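Thank you all for coming; I would like to take a few minutes to walk through one model.

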Amino acid sequence: MEYDQLRKLEKNAHIPSGCGISGIVNRKGNLFSGEKIITSICLMTERGNGLGAGYAGYGIYPEFKESWCFHIMYDDIRVKETVEAFLENRFDIVNEEPIPVKNVKTLKYIPLLHRYFVDIKNGRKEDLYSQQEYILSTVMNINKNFDGACVFSSGKNMGIFKGVGNPEEIGEFYKIYDYKGYIWTAHNRFPTNTVGWWGGAHPFGILDWSVVHNGEISSYGINRRYLENAGYYCTLFTDTEVITYLFDLLNRKHKLDFEVIGDILAAPFWDSIDIEQDMENKDFWKTLRIIYSSALVNGPFAIIVANSNTIIGLNDRLKLRPLVSAEKGDFVYLASEESAIRCICRNPERVWMPDAGEPVIVNVKRDRKGKDG
Amino acid sequence: MAKAKNIAEFIIERDEKKCIKCQACVRVCSNDVHNYDEETEEILSDNIKCVGCHFCEDICPTGALTIRRNLSETKENAHWTRDYIYKVVKQASTGGILLTGMGNDRPYKNYFEHIVLNAAQVTNPSIDPLREPMELKTFIGRKPDRIIYDKTRGKYILKERVTNLLELELPVMFSAMSFGSISLNACKSLAKAASASGVYWNTGEGGLHKDLYPYADRAIVQIASGRFGVNVEYLEKAAAVEIKIGQGAKPGIGGHLPGEKVSEEISLTRMIPEGSDAISPAPHHDIYSIEDLRQLIFAIKEATSYRKPVGVKIAAVHNVAPIASGIVRAGADFITIDGIRGGTGAAPVAIRDNVGIPIEIAVAVVDQRLREEGIRNQASIIAAGGFRTSADIVKAIALGADAVYIGTAALIALGCHVCQKCYTGKCNWGIATQDPYLTRRLNPEIGAKRLSNLLRAWALEIKEMLGGMGINAIESLRGNREQLRAVGLNEVELNLLGIKHAGEAW
């Protein structure tokens, strides 16, 4: 298929994928090179088919850490100019440049890749929530209305890098090993269709959220309509989008703890609620299921979600996809397979399989400077 | 002019070799079809009186009777079919409105039969309901947008509780059928089965008979335009209150119970004189607008101290989506939509067969409208009107219904053969009659068991279908139109239903 056809297909449909995922965090917020995450994700070759890979790193842009950073991919120079005019109207551009890449001969369909560090005009006066809403609407606007442009990263001091290729190629292409971060996540994709559009790869992100996801969401139809009710429009890149928006809605807007979000996305079964002895817990879970019934994510999934302060691993409530975690010192690891952890941390202090629906939540306590590791 | 004669709809075939002249058929038929001639010692059957209820056929100890449709045809004519010719004949003889019972029997497009379901393959495992939990629990009523809690010492404590919800073990309830339109034994069967199965039954506009008080905590009581049987006790005993504006079988007109059926028990329950016609006005005479409806909703909420959900039932008509939105904004906690195939005990044929829209489309547009307005969580949608199988229910829920009401299916479980003669009060199955000779044929214990069996069977089937889709909780199906595909619908229909055509991927 030609690229145009492929892209049209992908924009009009979400494509089921099997996948490998991996995440590493340093609890103290110390920075470490992206090399480790490349090693980890590349070990799980069997989990991808060379049609999509990506990385997310936090703490990678210390020199512009106060500015919002957009990573945008363009089909051609014409749409780039239109979007840039739009951005200049809305923001003070602090810095902009092509995303530095290395020539990797095996990669195809490479779009124009550009990054912008921007401040909201007079934005310093506004509170964080209003700023986030402004960024969110900007990203939704570009992705929905500017054909041939896709904002694939839009947080502060973090960035998502992704494309169509295997994790080695994509890691090499973006020179992920040149960045240093305190949280890294990565994805290796096994889409069921031929794909060509780079926007369809993971991680998926909005604001400083990033999500890598292995699974297929059977409740996609209702999750999407629930989010539309709340003002989020899925542009149908991938069903991972739904999980990202659910986290944004439930955490940033409804101010729910991640543990509670875990109980919404992978709700406890009525059988276990019925036998709960503590009436307050029982009431809480029951109410949670009543109010957030449309946010229950059904079907098999393992996800690693991150924002600037936290990394969360979560399985569906039957645990139909693999997820392993381990820790050593200040480092916590999450991955589809134990081998993907052991290849970068030979002797972890603890290795465990998170239970179905039980989130692994790791908060980062950064001292102001953050040391290089 | 020759007197026009009615034509027999059915022909009774009696196998004389099998008939033992026991006269069971003679004794049981409320329509006096069978007569024993003592002189000739023969049983003669008058085809013209037969309504096709099949009671004699079922009760005949030797299987000597077979009821067949009369195939006598008028001259072939696509426009003037036999039905239409004989309707004119009847009305020319009587000068009256033609009455009927049960739901619309016209061949309008049935959208359920143009919708197919999904199943998981490879990329998503299907789930086996025999081995894994499969949840059908459903809550009806107003739900807040978000949860509000305090976190103290690692524990989450609710700051605002959610109250006034009906909790259903499966998303199926028994539709409004009044004591009057059906017998007390039929009401008891429904009430017992609802209590045993963890669902709810609906009193209709017939009031709540004292014998049904033990099942009142599973009763949704109706307030219709006639206000029959409405008193404080009625409201206090109920689980929920439903204001009936209209019903699918007869949108725009009120209920009608002829005085002949108003026995002592019905008179006491409805609070009307014995033998008087119980005729509900077409509109509620205190509701001429949406703001009037709001007043009644809140009057009922005040009367019940805001402890019970209050819903509104309407017939599915052209403007159903904006009307539903108005009803939700007027404060209703649930909205019942009754489609064009909704049943009744008595309705004019002309109304039943021609007024209203299909429930499939009504549910889809109402759900979509409420979501667009961001008020979908404020009220539950209960769909009614013609649900025949568990698959119909699964499709309605995927289109956006929270639960469905079944009426005709429940009566069929009790013996009904859908002969559409409920309005005559001569139901041989003891369902749509008040004649004690007939009503004692329906044993409420057995009736309740059969209804519970039906609910159980459907629950098992719904679980199988959910599991096939890779879904293990009904809420992940609700409004999940991605699980539906159309076969043979045009673009307008697809848009209204909000579904894709078969062959289109995600």
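Predicted model: local features only at pLDDT ≥ 70, side-chain atom pairs only at ≥ 80, totals over all residues.

In chain B, the centres of domain 1 and domain 2, taken over C-alpha atoms, are separated by 34 Å. These domains run over 10-96 for domain 1 and 158-501 for domain 2, with bounds that come from an automatic or database domain assignment. Residues are numbered from 1 along each chain as its sequence is written, and chains are lettered from A and ligands numbered from 1 in the order in which they are written.

On confidence, chain A has a mean pLDDT of 91, and 91% of its residues reach 70 or more, where pLDDT is the predictor's confidence in each residue, from 0 to 100.

Now to the contact between the chains. Chain A contributes 35 residues and chain B 40 residues, two residues being in contact if their C-beta atoms, placed from the backbone, lie within 7 Å. On the chain A side, H10(A) gives the most, with 7 residues; helices here are DSSP runs (H or I, at least four residues), as strands are (E, at least two), numbered from the N terminus. That side of chain A divides into 15 nonpolar, 13 polar and 7 charged residues, where Ala, Val, Leu, Ile, Met, Phe, Trp, Tyr, Cys and Pro count as nonpolar, Asp, Glu, Lys and Arg as charged, and the others, Gly among them, as polar.

How do the two helix pairs of chain B pack? Helix H8 (residues 320-329) and helix H10 (residues 359-372) of chain B pack at an angle of about 50 degrees, with their axes 8 Å apart (axes are lines fitted to C-alpha atoms, for helices over the stretch in contact, and angles run from 0 to 180 degrees between N-to-C directions). H8(B) is therefore oblique to H10(B), since angles under 35 degrees count as roughly parallel, over 145 as roughly antiparallel, 65 to 115 as roughly perpendicular and the rest as oblique. The residues that meet include B:Ala324 in H8(B) and B:Val366 in H10(B), and by class this contact has 8 nonpolar, 1 polar and 1 charged residues.

The second pair is helix H4 (residues 184-197) and helix H14 (residues 444-469) of chain B, at about 45 degrees with axes 8 Å apart, which means that H4(B) is oblique to H14(B).
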